[in-house]
Amino acid sequence: MPGVNWDGVWNLVLACPDCNRGEGGKFARIPAPGYLLRLNRRNEYLIGSHHPLRETLIAQTGETPQLRWKYLKKVDRIATDHLPGERWKTKEREAPAF
């Protein structure tokens, strides 16, 4: 899909093999909206902690928290337009970090 760097650092998350590609895994399905909120919290945490990925996250998603959230919502909308269907969600095995 043009205009979106799907492999950008903003979209990287740790996932076990089962969640990523196993039975019931996400494959090409769009994650449930709650995961977008968690991704945003993770990104904001990394930016606020001056993590080495800070500058890359800002460059890829925006200068302010509002612009970054707007970017994530835009990407989510583009993804759902191109991959309609049920959103992916899994049972949590442990408490999420973000």
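A: Let's begin with a term: a nonpolar core is a set of buried Ala, Val, Leu, Ile, Met, Phe, Trp, Tyr and Cys residues joined through side-chain atoms within 4.5 Å. Keep in mind that this is a predicted model. Its largest nonpolar core has seven residues: Val4, Leu36, Leu39, Tyr71, Leu72, Val75 and Ile78. Helices H2 (33-48) and H4 each give two or more residues to this core, and H4 gives the most, with four. There's also a second, separate core of five residues, including Val9, Leu46, Leu57 and Ile58.

That brings us to the helix for our close look, H3, which covers residues 54-61. Its buried residues are Leu57, Ile58 and Thr61. Looking down the axis of H3, you'd see these buried residues fall within an arc of 95°, so they line one face of the helix.

Take H4 (residues 65-82): its axis and that of H3 come within 9 Å and cross at roughly 65°, and the crossing is left-handed. On the H3 side, Ile58, Gln60 and Thr61 make the contact, while H4 brings Leu67, Arg68 and Tyr71. Sort those contact residues by type and you get three nonpolar, two polar and one charged.

Finally, just after H3 comes Gly62, with a positive phi of about 135°.

How values were computed:
Residues numbered from 1 in each chain as written. Predicted model: local features only at pLDDT ≥ 70, side-chain atom pairs only at ≥ 80, totals over all residues. Heavy atoms only, no water. Axes fitted to C-alpha atoms, helices over the stretch in contact; angles between N-to-C directions. Left-handed = near helix turned anticlockwise from the far one by under 90°. Contact = heavy atoms within 4.5 Å. Nonpolar A, V, L, I, M, F, W, Y, C, P; charged D, E, K, R; others polar. Buried < 20%, exposed > 50% of the residue type's maximum accessible area, 1.4 Å probe, protein only. Arc of directions from axis to C-beta.
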